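User: I would like to learn how to read a model of this kind. Please take me through its features in turn.

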Amino acid sequence: MIIIASFICDFDIFFTKFARDLNHRNLFTHSVIPSLFLFLGGLLMNWIAMIISGLAYFLHILVDTFDWGTNFFYFNHKNLGFGMLYSKEEVDKIYISFKNPIAYFDFKYYKNKTVLSLEIFFFILMVFSIYFFSPKFFYLIIFYFLALLLHILRYYHLKKFEQNK
Ligand SMILES: [Zn+2]
């Protein structure tokens, strides 16, 4: 349940067409609100797994503020975050520079050394925390590698696609 809570919000990508600027991170699911409901619901029911699920959901939203930012408080419709990778000029001409706009995000993400260092840092943190807090669920790490594989395959697919102009 905790692990599912940590990534379930990314399935809002299927509702991208309803999002402002066609960015799934502007949807309600990428705001802080669902994690508050989980957290408070867990407190009310005195259910520790649900409280930690709320924290896991919150961490996802927090980490998403590092690179492009998220619609954190939802109702003020403001993209909040460090926006480490965000550049308005580049985003404005995204359809001129790329055949598939996702390529822009993928290329920029994987070329950034700070982002890659953060990825490695969070990976190590994940391995240690599973090892120390719930070693019997260690096998679940397989889902991390499956997701990683999907992202790497997408990256190389986009690279090939963009080169064939
Ligand atoms: Zn996300």
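**Domains, helices and packing**

Analyst: This is a predicted model, and its protein chain is divided into domain 1 (1-81) and domain 2 (87-165). The C-alpha centres of domain 1 and domain 2 lie 19 Å apart. Taken along the principal axes, the C-alpha atoms of the protein chain fill a box of roughly 55 × 35 × 25 Å.

User: How many helices and how many strands are there in the protein chain?

Analyst: The protein chain has eight helices and zero strands. Along the sequence, the pattern therefore reads α-α-α-α-α-α-α-α.

User: What pLDDT does the protein chain average, and which elements have the lowest and the highest mean pLDDT?

Analyst: Where pLDDT is low, the predicted coordinates should not be read in detail. Here the protein chain averages a pLDDT of 91, and 99% of the residues score at least 70. Among the elements, the lowest mean pLDDT, 80, belongs to helix H4 (residues 88-92), and the highest, 98, to H2.

User: At what angle do the axes of helix H2 and helix H3 cross?

Analyst: Two packed helices are described by the angle between their axes and the distance between the axes. For helix H2 (residues 33-45) and helix H3 (residues 48-67), the axes come within 7 Å and cross at roughly 165 degrees. Because angles over 145 degrees count as roughly antiparallel, H2 is roughly antiparallel to H3. The crossing in which H2 passes H3 is left-handed.

User: Which residues in H2 meet which residues in H3?

Analyst: On the H2 side, they are Pro34, Ser35, Leu38, Phe39, Gly41, Gly42, Leu43 and Met45; these meet Met50, Ile51, Ser53, Gly54, Leu55, Tyr57, Phe58 and Ile61 in H3. By class, the residues of this contact of H2 with H3 comprise eleven nonpolar, five polar and no charged.

User: How do helix H6 and helix H8 pack, and at what angle?

Analyst: Helix H6 (residues 101-111) and helix H8 (residues 142-163) pack at about 120 degrees, and their axes are 10 Å apart. That angle makes H6 oblique to H8. The crossing of H6 and H8 is left-handed.

User: Which residues in H6 and H8 meet?

Analyst: Ile102, Ala103, Asp106 and Tyr110 in H6 meet Arg154, Tyr155, Leu158 and Glu162 in H8. The residues of the contact of H6 with H8 divide into five nonpolar, no polar and three charged.

Conventions. Residues are numbered from 1 along each chain as its sequence is written. This is a predicted model: local features need pLDDT of at least 70, side-chain atom pairs count only at pLDDT 80 or more; totals for chains, interfaces and linings use all residues. Axes are lines fitted to C-alpha atoms, for helices over the stretch in contact, and angles run from 0 to 180 degrees between N-to-C directions. Helices (H or I, at least four residues) and strands (E, at least two) are DSSP runs, numbered from the N terminus. Angles under 35 degrees count as roughly parallel, over 145 as roughly antiparallel, 65 to 115 as roughly perpendicular and the rest as oblique. A crossing is left-handed if the near helix is turned anticlockwise from the far one by less than a right angle, and right-handed if clockwise. Two residues are in contact if their C-beta atoms, placed from the backbone, lie within 7 Å. Ala, Val, Leu, Ile, Met, Phe, Trp, Tyr, Cys and Pro count as nonpolar, Asp, Glu, Lys and Arg as charged, and the others, Gly among them, as polar. Domain bounds come from an automatic or database domain assignment. pLDDT is the predictor's confidence in each residue, from 0 to 100.
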